[in-house]
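Good morning, and thank you for coming.

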Amino acid sequence: MLLIPAIIAFFITFVATDWIIKISKSRGFVGKDINKKDKPSIPVLGGVGIIAGFVGGAFTLLVTDPSGNVISAVLLSSLLIAFLGLLDDVLNLRQSVRAFTPALASVPLALFSVGHSTISIPFLGPVNFGEFYYIFIIPIALTISANAFNMLEGLNGLGTGMGIIMSAALAIIGLRSIGSIYISGELALVLLSSLLAFLYYNKYPAKVFLGNIGTYFIGSVIGSIGISGFMLTALAILYIPYVIEFLLKARTKFKGISFGKISPEGYLYWDEKPNSLTHIIMKLGHFKEYQVVGIIWSIEIIFAVIAIILQTTIIRI
């Protein structure tokens with residue numbers, strides 16, 4: 001029963017993404033693959049396939065858990081933010097709108113979390129934040145997770161792989177517990193399965209991009225799972241690379257890019273002041289696009305292991 005929702009999510013995403021690639025091309029929803037010499041046009045609404053798969057898998061979970069409080073809260077919050085991403089893809093929303101609108105989508109999660117305002121903080125222990133938890137901490141956590149995930153993207157497979165690593169860590173943590181935490185682990189497994197299917201199309205050389213709808217959705221689902229499963233410590237550790245990205249982008253007033261420049265040999269390089277974690281990697285040696293992606297994935301795997309250890313052994317909620 002645990003694998004059925006994951007299998008359904010994988011199958012739906014795989015089929016839906018293939019359809020989205022064809023539709024996006026025919027309707028002109030394409031973008032340039034900047035990290036390639038010939039700058040090919042690639043469909044940009046691939047995130048729709050991930051959403052379809054995740055929703056299908058989540059609804060399958062509702063069959064086994066009819067009450068579905070956790071599932072409904074995660075779905076509602078994530079779909080609201082995904083709609084924001086779709087509007088951004090189509091209308092190119094202002095930065096201020098993208099930055100703060102996700103806070104409004106936190107209402108379902110806040111309602112679900114009523115009565116659970118205590119957070120276990122490393123070296124401090126359990127701290128009860130009271131009403132402050134619902135009014136400020138949940139909206140801020142969801143806003144950060146959605147927006148931050150959108151920052152570190154631009155290379156083939158980068159965001160998808162990061163989502164796979166993060167959801168795998170949350171699944172391992174959640175499935176070792178009971179109650180709502182276990183259900184959150186199931187949702188993480190569904191997201192993991194959907195992202196694995198999407199990676200087939202998004203890996204180097206990419207046939208489709210996540211688009212803002214994809215990056216916002218993945219970030220919001222990961223944030224929602226971490227909040228609903230009371231895994232905020234793990235969530236904070238998993239997002240450390242994104243904190244670094246935020247600081248680098250802040251120096252450019254968030255106008256910096258993650259793309260690189262292409263050498264005649266096909267390597268990505270950056271000869272200016274770095275404004276992305278990808279640029280720091282490029283400055284360390286001669287790497288092709290997929291190698292830069294692999295290095296960042298490896299860094300995230302280290303943080304994922306730390307997150308699992310802290311959340312499951314040192315810190316117990």
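In which helix is Thr13 found? Thr13 is found in helix α1, where helices (H or I, at least four residues) and strands (E, at least two) are DSSP runs numbered from the N terminus.

Two remarks on the source are needed at once. This is a predicted model, in which local features need pLDDT of at least 70 and side-chain atom pairs count only at pLDDT 80 or more, while totals for chains, interfaces and linings use all residues. Residues are numbered from 1 along each chain as its sequence is written, and side-chain values use heavy atoms, with hydrogens and water left out.

Let us return to Thr13. Its relative accessible area is 0%, so Thr13 is buried; buried means under 20% relative accessible area, exposed over 50%, and partly exposed in between, with a 1.4 Å probe and protein chains only. Leaving aside neighbours within four places in sequence, Thr13 is in contact with Gly49, Ile50, Gly53, Phe54, Ser194, Ala197 and Phe198. Contact here means heavy atoms within 4.5 Å.

I turn now to helix packing. Two packed helices are described by the angle between their axes and the distance between the axes. Helix α2, residues 47-64, packs with α9 at an angle of about 35°, and their axes are 7 Å apart. The axes are lines fitted to C-alpha atoms, for helices over the stretch in contact, and angles run from 0 to 180 degrees between N-to-C directions. On the α2 side the residues are Gly47, Val48, Ile50, Ile51 and Phe54, and they meet Ile213, Gly214, Phe217, Ile218 and Val221 in α9. By class, this contact has 8 nonpolar, 2 polar and no charged residues. In this scheme Ala, Val, Leu, Ile, Met, Phe, Trp, Tyr, Cys and Pro count as nonpolar, Asp, Glu, Lys and Arg as charged, and the others, Gly among them, as polar.

The next topic is charge. Side chains of opposite charge can pair when their charged atoms come close. A salt bridge is a side-chain nitrogen of Lys or Arg within 4 Å of a carboxyl oxygen of Asp or Glu, and by this rule the count comes to 6 salt bridges.

One of them joins Asp18 and Lys22, at 3.4 Å from N to O. Both residues lie in helix α1, residues 3-27, and are 4 residues apart, about one turn of the helix. Asp18 is partly exposed at 32% relative accessible area, whereas Lys22, at 55%, counts as exposed.

Another salt bridge pairs Glu289 with Lys36, the closest N and O atoms being 2.7 Å apart. Glu289 lies in helix α13 (residues 289-314) and Lys36 in the loop between β1 and β2 (41-43), so the pair ties together parts that are 253 residues apart in sequence. Both Glu289 and Lys36 are buried. Asp33, Lys36 and Glu289 are linked in a network of salt bridges.

A pocket is an open set of points on a 1 Å grid over the protein atoms alone, where a 1.4 Å probe fits, with protein on both sides within 12 Å along at least five of seven lines; lining residues have an atom within 4 Å of a point. The volume of the largest pocket is about 830 Å³, taken as the space filled by probe spheres set on grid points joined across faces, edges and corners. At least two lining residues each come from β1 (30-32), α4 (95-100), α6 (131-151) and α9 (211-228), and the largest share, 4 residues, comes from α9. By class, the lining has 10 nonpolar, 13 polar and 6 charged residues.

Gly154 is partly exposed, with a relative accessible area of 21%. Not counting residues up to four places away in sequence, Gly154 touches Asn35 and Phe259. Gly154 and Thr278 are 124 residues apart in sequence and 9.3 Å apart in space, C-alpha to C-alpha.

Thank you for your attention.
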